[in-house]
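Here is a short note for a colleague opening this structure for the first time. Please read it with the model on screen.

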Amino acid sequence: MENSELQTIFSALQTGPFTAMSEAERQKLAHHARLQPFGQGATLFREGEPSTDPMLLLTGMVKICRHSSQGKECVLHIVRPGRLLDAGVLFYEEGLPVTAIGVQAGTVLRLDRKALLEALQYEAALGVALLTAMSLRQRLFINKIAGSQGRISVSGRVAAWLLHRAKMEKSATLNMGVTQETLARQMGISRESLSRELSALASAGLIDRNRRRITLLDADALRGRAEA
(Lines give C-alpha, C1' and ligand atoms only; values in the text may rest on other atoms or scores of the structure.)
Protein backbone atom coordinates (compact mmCIF):
# COMPACT_ATOMS: atom_id res chain seq x y z
CA MET A 1 0.00 0.00 0.00
CA GLU A 2 1.41 3.41 -1.00
CA ASN A 3 2.05 6.02 1.68
CA SER A 4 -0.45 8.46 0.14
CA GLU A 5 -3.23 5.85 0.22
CA LEU A 6 -2.38 4.88 3.78
CA GLN A 7 -2.48 8.54 4.82
CA THR A 8 -5.92 8.92 3.22
CA ILE A 9 -7.12 5.88 5.17
CA PHE A 10 -5.70 7.23 8.44
CA SER A 11 -7.51 10.53 7.84
CA ALA A 12 -10.79 8.74 7.02
CA LEU A 13 -10.62 6.80 10.29
CA GLN A 14 -10.58 10.08 12.20
CA THR A 15 -14.21 10.74 11.23
CA GLY A 16 -17.60 9.24 12.06
CA PRO A 17 -17.80 6.51 14.73
CA PHE A 18 -14.06 5.83 14.47
CA THR A 19 -13.20 9.01 16.35
CA ALA A 20 -14.04 6.98 19.47
CA MET A 21 -11.12 4.60 18.84
CA SER A 22 -7.67 4.84 20.37
CA GLU A 23 -4.89 5.89 18.03
CA ALA A 24 -3.19 2.47 18.31
CA GLU A 25 -6.35 0.54 17.35
CA ARG A 26 -7.12 3.02 14.56
CA GLN A 27 -3.68 2.49 13.03
CA LYS A 28 -4.05 -1.27 13.32
CA LEU A 29 -7.44 -1.15 11.56
CA ALA A 30 -6.05 1.08 8.81
CA HIS A 31 -3.71 -1.68 7.68
CA HIS A 32 -6.74 -3.89 7.06
CA ALA A 33 -8.61 -1.33 4.95
CA ARG A 34 -8.58 -0.27 1.31
CA LEU A 35 -10.05 2.49 -0.82
CA GLN A 36 -12.67 1.45 -3.36
CA PRO A 37 -14.04 3.89 -5.96
CA PHE A 38 -17.52 3.35 -7.40
CA GLY A 39 -19.60 4.88 -10.15
CA GLN A 40 -23.16 6.17 -10.29
CA GLY A 41 -25.49 3.18 -10.45
CA ALA A 42 -22.81 0.74 -9.22
CA THR A 43 -23.91 -1.97 -6.77
CA LEU A 44 -21.61 -2.10 -3.73
CA PHE A 45 -23.38 -5.09 -2.20
CA ARG A 46 -26.62 -6.88 -2.92
CA GLU A 47 -29.41 -8.35 -0.79
CA GLY A 48 -29.13 -12.12 -0.55
CA GLU A 49 -25.32 -12.16 -0.68
CA PRO A 50 -23.73 -14.12 2.23
CA SER A 51 -21.90 -11.14 3.75
CA THR A 52 -19.73 -8.12 3.00
CA ASP A 53 -17.13 -5.91 4.64
CA PRO A 54 -18.26 -2.72 6.42
CA MET A 55 -17.82 0.35 4.21
CA LEU A 56 -17.34 3.97 5.26
CA LEU A 57 -18.50 6.45 2.63
CA LEU A 58 -15.82 9.05 1.94
CA THR A 59 -17.27 10.84 -1.11
CA GLY A 60 -20.37 10.53 -3.24
CA MET A 61 -23.79 9.27 -2.16
CA VAL A 62 -25.28 5.78 -1.75
CA LYS A 63 -28.85 4.53 -1.33
CA ILE A 64 -29.70 1.50 0.78
CA CYS A 65 -32.73 -0.26 -0.67
CA ARG A 66 -34.72 -3.45 -1.11
CA HIS A 67 -36.56 -4.80 -4.14
CA SER A 68 -39.84 -6.65 -4.27
CA SER A 69 -40.30 -9.86 -6.26
CA GLN A 70 -41.79 -7.63 -8.99
CA GLY A 71 -38.65 -5.50 -9.00
CA LYS A 72 -40.15 -2.44 -7.26
CA GLU A 73 -37.53 -0.52 -5.33
CA CYS A 74 -38.00 0.65 -1.74
CA VAL A 75 -35.35 3.18 -0.64
CA LEU A 76 -34.60 2.68 3.05
CA HIS A 77 -31.82 5.18 3.58
CA ILE A 78 -29.59 7.69 1.78
CA VAL A 79 -25.99 7.52 3.03
CA ARG A 80 -23.81 10.61 2.89
CA PRO A 81 -20.02 11.03 3.40
CA GLY A 82 -18.67 10.22 6.85
CA ARG A 83 -21.23 7.45 7.52
CA LEU A 84 -21.08 3.68 7.34
CA LEU A 85 -23.25 2.26 4.57
CA ASP A 86 -24.74 -0.25 7.02
CA ALA A 87 -23.13 -1.18 10.34
CA GLY A 88 -25.46 -4.18 10.46
CA VAL A 89 -23.29 -6.07 7.98
CA LEU A 90 -21.12 -6.96 10.97
CA PHE A 91 -23.92 -9.03 12.46
CA TYR A 92 -26.37 -10.12 9.77
CA GLU A 93 -27.01 -13.85 9.53
CA GLU A 94 -28.52 -15.79 6.64
CA GLY A 95 -27.51 -13.23 4.02
CA LEU A 96 -27.68 -9.48 3.53
CA PRO A 97 -31.18 -7.98 3.73
CA VAL A 98 -30.43 -4.85 1.68
CA THR A 99 -28.70 -3.59 -1.46
CA ALA A 100 -26.32 -0.59 -1.68
CA ILE A 101 -26.27 1.38 -4.95
CA GLY A 102 -24.25 4.48 -5.83
CA VAL A 103 -26.42 7.57 -6.37
CA GLN A 104 -23.42 9.81 -6.99
CA ALA A 105 -19.98 8.47 -7.93
CA GLY A 106 -17.49 8.42 -5.07
CA THR A 107 -15.21 6.33 -2.87
CA VAL A 108 -15.73 4.05 0.11
CA LEU A 109 -13.22 2.87 2.67
CA ARG A 110 -13.64 -0.89 2.79
CA LEU A 111 -12.81 -2.25 6.25
CA ASP A 112 -11.93 -5.86 6.91
CA ARG A 113 -14.92 -7.35 8.76
CA LYS A 114 -12.83 -9.63 10.98
CA ALA A 115 -10.42 -6.83 11.91
CA LEU A 116 -13.27 -4.50 12.90
CA LEU A 117 -14.96 -7.18 15.01
CA GLU A 118 -11.64 -7.76 16.82
CA ALA A 119 -11.30 -4.00 17.43
CA LEU A 120 -14.76 -3.96 19.01
CA GLN A 121 -13.51 -6.38 21.68
CA TYR A 122 -11.15 -3.70 23.00
CA GLU A 123 -12.93 -0.49 22.01
CA ALA A 124 -16.15 -0.13 23.99
CA ALA A 125 -16.52 3.51 22.89
CA LEU A 126 -16.53 2.41 19.25
CA GLY A 127 -19.27 -0.11 20.03
CA VAL A 128 -21.39 2.61 21.64
CA ALA A 129 -20.84 4.89 18.62
CA LEU A 130 -21.96 2.15 16.23
CA LEU A 131 -25.03 1.37 18.35
CA THR A 132 -25.94 5.07 18.38
CA ALA A 133 -25.73 5.27 14.58
CA MET A 134 -27.77 2.08 14.19
CA SER A 135 -30.46 3.32 16.62
CA LEU A 136 -30.91 6.58 14.70
CA ARG A 137 -31.38 4.67 11.48
CA GLN A 138 -33.74 2.22 13.18
CA ARG A 139 -35.93 5.15 14.26
CA LEU A 140 -36.35 6.13 10.62
CA PHE A 141 -37.29 2.57 9.69
CA ILE A 142 -39.87 2.41 12.51
CA ASN A 143 -41.44 5.66 11.33
CA LYS A 144 -41.55 4.33 7.79
CA ILE A 145 -43.25 1.08 8.86
CA ALA A 146 -45.77 2.98 10.99
CA GLY A 147 -46.41 5.35 8.10
CA SER A 148 -47.05 2.51 5.68
CA GLN A 149 -49.72 1.25 8.09
CA GLY A 150 -51.42 4.62 8.05
CA ARG A 151 -50.34 5.60 11.55
CA ILE A 152 -48.18 8.54 10.51
CA SER A 153 -49.44 11.17 8.08
CA VAL A 154 -47.50 12.36 5.06
CA SER A 155 -46.93 15.65 6.89
CA GLY A 156 -45.56 13.78 9.91
CA ARG A 157 -43.25 11.63 7.83
CA VAL A 158 -41.76 14.59 5.95
CA ALA A 159 -41.31 16.64 9.13
CA ALA A 160 -39.67 13.70 10.95
CA TRP A 161 -37.31 13.10 8.03
CA LEU A 162 -36.25 16.76 7.89
CA LEU A 163 -35.57 16.82 11.63
CA HIS A 164 -33.60 13.57 11.40
CA ARG A 165 -31.43 14.90 8.60
CA ALA A 166 -30.79 18.13 10.49
CA LYS A 167 -29.71 16.11 13.53
CA MET A 168 -27.44 13.88 11.47
CA GLU A 169 -25.89 16.80 9.57
CA LYS A 170 -25.80 19.06 12.65
CA SER A 171 -27.10 21.86 10.47
CA ALA A 172 -30.44 23.54 9.80
CA THR A 173 -29.55 23.78 6.10
CA LEU A 174 -29.81 20.51 4.20
CA ASN A 175 -28.42 19.74 0.77
CA MET A 176 -30.74 17.05 -0.62
CA GLY A 177 -28.29 15.90 -3.27
CA VAL A 178 -30.79 13.45 -4.81
CA THR A 179 -34.03 13.67 -6.75
CA GLN A 180 -37.42 14.11 -5.09
CA GLU A 181 -38.34 10.68 -6.47
CA THR A 182 -35.54 9.06 -4.47
CA LEU A 183 -36.43 11.02 -1.31
CA ALA A 184 -40.09 10.12 -1.68
CA ARG A 185 -39.26 6.43 -1.96
CA GLN A 186 -37.21 6.69 1.21
CA MET A 187 -40.19 8.18 3.06
CA GLY A 188 -42.63 5.69 1.55
CA ILE A 189 -44.73 8.33 -0.18
CA SER A 190 -45.25 9.48 -3.77
CA ARG A 191 -43.13 12.18 -5.37
CA GLU A 192 -46.25 14.30 -5.84
CA SER A 193 -47.13 14.02 -2.13
CA LEU A 194 -43.61 15.04 -1.13
CA SER A 195 -43.66 18.03 -3.48
CA ARG A 196 -47.03 19.20 -2.13
CA GLU A 197 -45.92 18.82 1.48
CA LEU A 198 -42.64 20.70 0.98
CA SER A 199 -44.57 23.50 -0.72
CA ALA A 200 -47.03 23.59 2.19
CA LEU A 201 -44.20 23.73 4.74
CA ALA A 202 -42.56 26.57 2.82
CA SER A 203 -45.86 28.48 2.58
CA ALA A 204 -46.35 28.06 6.34
CA GLY A 205 -42.87 29.51 6.97
CA LEU A 206 -41.48 26.32 8.50
CA ILE A 207 -38.83 25.80 5.83
CA ASP A 208 -37.12 27.70 3.04
CA ARG A 209 -36.60 25.93 -0.30
CA ASN A 210 -33.88 26.80 -2.81
CA ARG A 211 -33.69 24.10 -5.49
CA ARG A 212 -32.22 21.04 -3.73
CA ARG A 213 -31.36 22.98 -0.58
CA ILE A 214 -33.79 23.20 2.34
CA THR A 215 -33.36 25.33 5.46
CA LEU A 216 -35.37 24.54 8.58
CA LEU A 217 -36.84 27.79 9.94
CA ASP A 218 -39.07 26.49 12.74
CA ALA A 219 -37.85 23.21 14.23
CA ASP A 220 -40.40 23.30 17.05
CA ALA A 221 -43.32 23.49 14.64
CA LEU A 222 -41.84 20.68 12.57
CA ARG A 223 -41.44 18.60 15.71
CA GLY A 224 -45.09 19.20 16.50
CA ARG A 225 -46.09 17.86 13.09
CA ALA A 226 -43.78 14.88 13.42
CA GLU A 227 -45.26 13.95 16.80
CA ALA A 228 -48.90 14.63 15.93
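The points below go from the whole chain to its cores, its salt bridges and one surface patch.

1. Overall build. This is a predicted model. The chain has eight helices and eight strands. Its radius of gyration is 18 Å, close to the 17 Å that the globule rule gives for 228 residues, so the chain is as compact as a globular protein of that length. The C-alpha trace spans about 55 × 40 × 30 Å along its principal axes.

2. Burial and contacts. Of the 228 residues, 45% count as buried. The chain exposes about 11800 Å², and carbon and sulfur atoms supply 49% of that area. Take the contacts between residues at least 6 apart in sequence: 70% of them join residues at least 24 apart.

3. The largest nonpolar core. It holds 25 residues, and V158, L162, L194, L216 and L222 touch the most other members. Two or more residues come from each of β4 (73-79), α5 (154-169), α6 (180-187), α7 (191-203) and β8 (213-216). Helix α5 gives the most, with six residues.

4. V158 up close. Leaving out residues up to four places away in sequence, V158 touches M187, I189, L194, E197, L198 and L201.

5. A second core. This one is separate and has 21 residues, including F18, M21, A115 and L116.

6. Salt bridges within helices. The whole structure contains 10 salt bridges. One joins the side chains of E23 and R26, at 2.7 Å from N to O. Both residues lie in helix α2 (residues 23-30), three residues apart, about one turn of the helix. E23 is partly exposed at 41% relative accessible area, whereas R26 is buried at 8%. Another bridge joins E181 and R185, at 3.3 Å. These two sit in helix α6, four residues apart. E181 is partly exposed at 33%, and R185 is partly exposed at 34%.

7. The side chains of E73 and K63 meet at 3.1 Å, N to O. E73 is in strand β4 and K63 in strand β3 (residues 55-67), 10 residues apart. Is E73 buried or exposed? E73 counts as buried because its relative accessibility is 13%, under the 20% cut-off. K63 counts as buried too, at 14%.

8. The network. Salt bridges link K63, E73, E181, R185, R191 and E192 in a network.

9. A nonpolar surface patch. F91, L131 and M134 form it, with about 300 Å² of accessible area together. L131 lies in helix α4 (residues 124-148). L131 is exposed, at 58% relative accessible area.

Methods. Residues are numbered from 1 along each chain as its sequence is written. This is a predicted model: local features need pLDDT of at least 70, side-chain atom pairs count only at pLDDT 80 or more; totals for chains, interfaces and linings use all residues. Side-chain values use heavy atoms; hydrogens and water are left out. Patches are made of residues with over 30% relative accessible area and no salt bridge: like charges are joined within 9 Å, nonpolar side chains (Val, Leu, Ile, Met, Phe, Trp, Tyr) within 5 Å. Accessible areas come from the Shrake-Rupley method with a 1.4 Å probe; for residues, only the protein chains shown count as cover. A salt bridge is a side-chain nitrogen of Lys or Arg within 4 Å of a carboxyl oxygen of Asp or Glu. Buried means under 20% relative accessible area, exposed over 50%, partly exposed in between (1.4 Å probe, protein chains only). A nonpolar core is a set of buried Ala, Val, Leu, Ile, Met, Phe, Trp, Tyr and Cys residues joined through side-chain atoms within 4.5 Å. Contact means heavy atoms within 4.5 Å. The radius of gyration is taken over C-alpha atoms; the globule rule is 2.2 Å times the number of residues to the power 0.38.
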